[in-house]
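Please look over the sequence and the structure shown below before reading on. The report that follows goes from single positions to the wider picture.

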Amino acid sequence: MSVLTDVTRSTIGKKLLNGLTGLLLCGFIVAHLVGNLLLLVGSEAFNSYAYTLHNLGHGALVPIAEVGLVILFGAHAASGISVALTRRRARPTGYEKKANAGGKSHKSASSTSMIITGGVLLVFVIAHVAVFRGGFLAPREYAEVMINGRATHDLYALVVDWFNQAPTVGLYTVVMLLLGTHLRHGFWSAFQSLGATNPKYMPIIHNVGIAFAVIMTFGFLMIPIYIFLFVDPVAGSTMIGG
Ligand code: HEM
């Protein structure tokens, strides 16, 4: 009996951690999307933004944020996998049904596939950071751009080159749709894990989750598709500022 209580308690703790880290990651992707939308404005706007970001706090803010992101992604993935495994083991006892009881059933396809979409997203994030942050497999060498008299790397050109390739755009389209599926269920589920179980607010949270997932999916999707259709690979370097 006491073993069962310990298991339940630790599952609740992991769900809390999963919900909290999930919502913090939602905050990150909102900020990331807003910054990335400058890719639609052009080279000057995006490279200046990236330059400013990397120089915040005398260059210390981005590395600190990166450590925070690694912790967030790691804790979110580990707690998610652990809760899913516990739930799977407990399924024959009817725990699953009980956990999802209460009004309209939200046990949709996205609920059961959270672990799969989450796994794909984790692999995506690692490859994505290696390519865009680390310059791994860069399509060519880039001349530096001058921003406010300082040379910095041409991140805009790197992104534009990648999104001028149909396979990259195809891959991003699939992954962004999976991100939408993950967010659609995850947003609502996070609030539930954090104790927002009042039947009055559940439909509202559910609908906000759907709206959030749709906005994030289309926001992120717009970027590769727009670049693929309307932006030519950038040649040479640009001078920005004095
Ligand atoms: C079309 C969609 C996206 C574009 C164009 C994009 C673009 C970029 C770029 C250019 C960087 C490098 C930033 C820098 O060096 O300052 C970056 C980093 C990153 N992106 Fe994305 N991104 C997209 C979607 C996503 C999504 C959906 C996620 C998460 C689910 C994500 C997570 C990250 C992370 C964690 C980093 C590393 C941040 C850092 O190290 O500072 N990105 N992205």
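## Phe191 in helix H8

Phe191 is buried, because 21 other C-beta atoms lie within 10 Å, and its place is in helix H8. The model discussed here is a predicted one. Leaving aside neighbours within four places in sequence, Phe191 is in contact with Ala196 and Ile205. Phe191 and Met202 are 11 residues apart along the chain, and their C-alpha atoms are separated by 8.8 Å.

Not counting residues up to four places away in sequence, Gly180 touches Ala213, Val214, Met216 and Thr217. Between Gly180 and Ala211, which are 31 residues apart in sequence, the C-alpha to C-alpha separation is 9.9 Å.

## Overall fold and confidence

The chain contains 9 helices and 3 strands, and read along the sequence these follow the pattern α-α-α-α-α-α-β-β-α-α-α-β. Of the 242 residues of the chain, 24% count as buried. Among the contacts with a separation of 6 or more, 79% are accounted for by residues 24 or more positions apart.

The chain averages a pLDDT of 88, and 85% of the residues score at least 70. Among the elements of the chain, H9 has the highest mean pLDDT, 97, whereas helix H4 (residues 95-99) has the lowest, 46. Over residues 94-106 the pLDDT is below 50, and beyond near neighbours in sequence this stretch has 14 contacts in the model. Where pLDDT is low, the predicted coordinates should not be read in detail.

How many of the 8 residues of H7 are buried? The number is 6, so H7 is largely enclosed by the rest of the structure. The buried residues of H7 are Leu155, Tyr156, Ala157, Val159, Val160 and Trp162, and they pack against H2, H6, H8 and H9. One of them, Val159, touches Leu39 and Phe132, when residues up to four places away in sequence are not counted.

In H3, the buried residues include His76, Ser79, Gly80 and Val83. The 30 residues of H3 should span 44 Å at 1.5 Å a residue, and the end C-alpha atoms of H3 are 43 Å apart, which agrees with that expectation.

## The largest nonpolar core

The largest nonpolar core has 26 residues, and those with the most contacts inside it are Leu39, Tyr156, Val159, Val160 and Leu179. H2, H7, H8 and H9 each supply at least two residues of this core, and H8 gives the most to it, with 10 residues. In soluble globular proteins, nonpolar side chains tend to be buried together.

## The shell around the ligand

Which residues come nearest to the ligand? Of the 22 residues around the ligand, these are Val129, Phe132, Arg133, Phe220 and Ile223. By class, the shell around the ligand has 17 nonpolar, 3 polar and 2 charged residues.

Several helices contribute to this shell: helix H1 (2-36), helix H2 (43-54), helix H3 (61-90), helix H6 (114-133), helix H7 (155-162), helix H8 (166-193) and helix H9 (202-230) each supply at least two of its residues. The largest share of the shell, 6 residues, comes from H6. Phe132, which is among the residues that come nearest to the ligand, is also touched by Val159.

## Two loop residues with positive phi

His58 lies in the loop between H2 and H3, and its phi is near 55 degrees, a positive value in a residue other than glycine. His58 is exposed, because 6 other C-beta atoms lie within 10 Å and the cut-off for an exposed residue is 12 or fewer.

Leu137 is found in the loop between H6 and strand E1 (145-147). Although Leu137 is not a glycine, it has a positive phi of about 60 degrees. Is Leu137 buried or exposed? Leu137 is exposed, because 9 other C-beta atoms lie within 10 Å.

Notes: Residues numbered from 1 in each chain as written. Predicted model: local features only at pLDDT ≥ 70, side-chain atom pairs only at ≥ 80, totals over all residues. Near = placed C-beta within 6 Å. Helix = DSSP H or I, 4+ residues; strand = E, 2+ residues; numbered from the N terminus. Nonpolar A, V, L, I, M, F, W, Y, C, P; charged D, E, K, R; others polar. Core = buried A, V, L, I, M, F, W, Y, C linked by C-beta atoms within 7 Å. Buried ≥ 20, exposed ≤ 12 C-beta atoms within 10 Å, placed from the backbone. Contact = placed C-beta atoms within 7 Å. pLDDT = per-residue confidence, 0-100. Expected span 1.5 Å × (residues − 1).
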